[in-house]
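Q: I am new to this structure and would like a close look at a single part of it. Please start with the interface and then place it in its surroundings.

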Amino acid sequence: MITTLLLFHGLLAAALIGAISHQTISIWWPPRASTGSFFNRFRAVNVASYTNAIIIMFVIQAFVGGVLLYPFYRVSSRVVMEQLRLAAPVGIFDLKEHFSTVALGLLPGYWYYWRRPLSSEHTNIRIFLTTIIAFTIWWNFLVGHFTNNIRGLWS
Amino acid sequence: MTFYRAFPVFSTAFAVFYLISATFNYALFTYHPLLHEIDLLAQPVKAGPAMYWYGWMTTAAIGALVVAAVGTFIPSRWEPWIQRAITFACVYAVLYMIANAVALFIYDRASYELEFLKHPATPAIAALVATVIASFFFPARWTQRLWSCWTGLIPLGVMLVFVYLLRGWFIPSVGLILK
């Protein structure tokens, strides 16, 4: 059951990473006239249409990770990591928990500023919020994988 | 204020309430994962670890919902004053942390006892004076420009505070790497 949930969590994280990366790159470096390059095609997407998908995936991730998986981590993996004195991995996972919560709370504001029609006066705050959420998603993804594979990393 | 304006207000307030509830352990309930039990408010460990995270989130969500709901009833003509008040509070918070760090730095290095530097009122008063002076030089158009940015700045600040609060987990590892 846990393995299935972890797999689902990982797969959804990959989809979320893809969506938020498209949106972030596109909003920081808006596409110019099509050059056909990979980078230009990567950012030449309808960024606003990603917003609802990102919010839904983030909420599902928070539920799967926070409600279904987190208690297992808390009673098993974390205890072992503390016994092995792996302080930094425990700390970065605690940061993942806090960053996720702050980003989860940020989603209503993120949705508000990405509402269509997009207002030009809110471009900067859109960039700002999208970047914070993108950073959180990438942090969660990397820390999650790092913690999941920690036994192999330290053997 | 329109109904939709409550969304960014909720996001900003949620980050602040979450920081407060996690720092001071104002959990609305405690979950004991080994026992599958839920207790009201923050409770000590029973068997296995106690999880406060869900309780902190709930506390923060309730607090933010109240602030967002109140925000929808505030008339637009009050907005400039609220903008100024939030700017004042945020500048004060930053200056307080700086003043506190400076006071402790001087206290540690002073050759004689400067007991007043350890008193919480010292950085509080210094930060208040500095904020009042700064507010005279802070143009109103800047507070207007910052208005929507608080939705990002405050949660970002909260994330940085968490990094600072959890530094104890990393400092030994950083020391080992630097060795």
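How many residue pairs are in polar contact across the interface of chain B and chain A, both residues being at pLDDT 80 or more?

A: Across the interface of chain B and chain A there are 6 residue pairs in polar contact, with both residues at pLDDT 80 or more. A polar contact is a pair of N or O atoms within 3.5 Å; within protein, one atom must be able to donate a hydrogen and the other to accept it, and residues adjacent in sequence count only if both atoms are side-chain atoms. pLDDT is the predictor's confidence in each residue, from 0 to 100.

The model is predicted: local features need pLDDT of at least 70 and side-chain atom pairs count only at pLDDT 80 or more, while totals for chains, interfaces and linings use all residues. Residues are numbered from 1 along each chain as its sequence is written, chains are lettered from A and ligands numbered from 1 in the order in which they are written, and side-chain values use heavy atoms, with hydrogens and water left out. The predictor assigns the complex an ipTM of 0.87 and a pTM of 0.84. Mean pLDDT is 85 for chain A, where 94% of the residues reach 70 or more; for chain B the mean is 84, and 95% of the residues reach 70 or more.

In the interface, 35 residues of chain B are in contact (heavy atoms within 4.5 Å) with 37 residues of chain A. The size of an interface is often given as the accessible area lost when the parts come together. Here the two chains bury about 3100 Å² between them, 80% of it on carbon and sulfur atoms; buried area is the accessible area (1.4 Å probe) that two parts lose on being put together, summed over both. Of the area that chain B buries against chain A, 21% comes from B:Trp53, B:Met159 and B:Trp169, more than from any other three residues. On the side of chain B that touches chain A, at least two residues each come from helix H1 (6-24), helix H2 (53-73), helix H6 (150-165) and helix H7 (167-178) of chain B. Helices (H or I, at least four residues) and strands (E, at least two) are DSSP runs, numbered from the N terminus. H6(B) gives the largest share of this side, 9 residues. By type, the side of chain B that touches chain A divides into 29 nonpolar, 5 polar and 1 charged residues. In this count Ala, Val, Leu, Ile, Met, Phe, Trp, Tyr, Cys and Pro are nonpolar, Asp, Glu, Lys and Arg are charged, and the others, Gly among them, are polar.

Between chain B and chain A there are 0 salt bridges, a salt bridge being a side-chain nitrogen of Lys or Arg within 4 Å of a carboxyl oxygen of Asp or Glu. Over all chains the structure holds 4 salt bridges. One of them joins A:Asp94 and A:Arg78, whose closest N and O atoms are 2.7 Å apart. A:Asp94 lies in helix H4 of chain A and A:Arg78 in helix H3 (residues 51-83) of chain A, so the pair ties together parts that are 16 residues apart in sequence.

Chain A has 6 helices and 0 strands. Chain B does have strands: E1 (residues 29-32) and E2 (residues 37-40) pair in the antiparallel sense over 4 bridges, where pairing requires that DSSP find at least two bridges. In this pair B:Tyr31 stands opposite B:Ile38, and B:Phe29 stands opposite B:Leu40. Between the strands of this hairpin are 4 residues, and B:His36 takes a positive phi near 55 degrees.
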